[in-house]
Amino acid sequence: MNPLGLFGGTFDPIHYGHLRTAFELREALRLEELRFLPTGNPPHRDQTSASAEMRLAMVRAAVADQPGFTVDDREVRRTGLSYSVDTLTELRAEHPERSLCLLLGMDAFLGLPNWHRWTDILELAHVVVAHRPGWKAPTQGPLGEAMVDRGTGSVRELRELKAGRIYVHAVTQLEISSTELRQLIASGRNPRYLVPDSVCALLQDTGCYARRQ
Ligand code: ATP
């Protein structure tokens with residue numbers, strides 16, 4: 001059965017760093033489907049960031065013309081606290097026999113031990129880690145140990161087993177960050193060529209992230 005790729009994030013906004021990473025991982029893992037899962041509205045969120053609906057709309061616009069890229073809005077629709085482990089539990093129930101591959105940037109992977117029930121996440125899915133500029137793979141601590149126990153260099157294993165492996169893959173480094181994009185737009189500059197044109201159009205139409213006068 002073809003593995004299902006899962007790419008979660010706040011996508012506030014989605015940019016070419018996310019999209020190119022997803023594209024290269026989809027090719028490397030030969031994924032038929034790669035699903036983007038924008039998070040719901042996290043508590044204590046910075047007031048200047050976009051609503052969950054706007055972030056979802058930008059993700060939909062960004063992937064609309066790419067076959068194999070899909071969008072799953074379950075976290076946006078969920079009310080109350082939303083944890084990745086809950087999403088993965090639901091997806092596992094929907095796809096009992098399928099390999100699930102959770103795609104993470106190295107920065108997100110390094111924070112994994114702070115996630116709710118993080119060791120359960122590794123029982124529910126594989127974790128595929130994309131290198132990001134300036135971040136090193138862990139060699140010590142709980143993640144270093146997990147890398148020793150669960151690390152693999154085999155795409156075949158990711159396809160044949162349903163969960164439990166950690167796979168690190170180098171992707172083209174595009175040092176674009178959502179935080180810097182929000183600042184760039186707030187200062188009146190144009191985000192063109194950092195985000196798809198369809199996202200640019202949405203940002204222009206809505207005035208999202210623009211500093212209110
Ligand atoms: P911020 O800049 O506000 O921290 P972010 O883009 O890092 O935002 P998310 O949108 O939550 O945050 O990121 C979703 C996923 O995409 C994470 O796994 C993150 O590591 C990865 N990611 C983000 N930016 C890049 C990039 N430029 N290249 C590769 N992966 C990225």
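Let me begin with a term: contact here means that heavy atoms lie within 4.5 Å. Please also bear in mind that this is a predicted model.

With that term in hand, consider S49. This serine is found in the loop between β2, residues 33-38, and α2, residues 52-63. Leaving aside residues up to four places away in sequence, S49 touches D12, R182 and Y209. With D12 there is also a polar contact, in which the two side chains are joined at 3.5 Å. Is S49 buried or exposed? Its relative accessible area is 12%, and buried means under 20%, so S49 is buried.

I turn now to the ligand. It is surrounded by 20 residues, and the closest are H18, G105, D107, L174 and T179.

A polar side-chain atom of D107 lies 2.5 Å from a ligand oxygen. For T10, a polar backbone atom is 3.0 Å from an oxygen atom of the ligand. In S177, an N or O atom of the side chain is 3.4 Å from a ligand oxygen. As for cover, the ligand taken alone exposes 610 Å², of which the protein buries 85%.

Next, the cysteines. As a reminder, a disulfide is a covalent bond between the sulfur atoms of two cysteines. How many disulfides does the structure hold? The number is zero. C208, for example, is in no disulfide, and its nearest cysteine sulfur, that of C200, is 12 Å away. The cut-off for a disulfide is 2.5 Å between the sulfur atoms. C208 itself counts as buried, at 11% relative accessibility. C101 is buried as well, with a relative accessible area of 1%.

Finally, G207. This glycine lies in the segment after α10, residues 197-206. At 30% relative accessibility, G207 counts as partly exposed. How far apart in space are G207 and V129, C-alpha to C-alpha? The distance is 34 Å, and the two are 78 residues apart in sequence.

Thank you for your attention.

How values were computed
Residues are numbered from 1 along each chain as its sequence is written. This is a predicted model: local features need pLDDT of at least 70, side-chain atom pairs count only at pLDDT 80 or more; totals for chains, interfaces and linings use all residues. Side-chain values use heavy atoms; hydrogens and water are left out. A residue is near a molecule or strand if one of its heavy atoms lies within 4 Å of it. A polar contact is a pair of N or O atoms within 3.5 Å; within protein, one must be able to donate a hydrogen and the other to accept it, and residues adjacent in sequence count only if both atoms are side-chain atoms. Accessible areas come from the Shrake-Rupley method with a 1.4 Å probe; for residues, only the protein chains shown count as cover. Buried means under 20% relative accessible area, exposed over 50%, partly exposed in between (1.4 Å probe, protein chains only). Helices (H or I, at least four residues) and strands (E, at least two) are DSSP runs, numbered from the N terminus.
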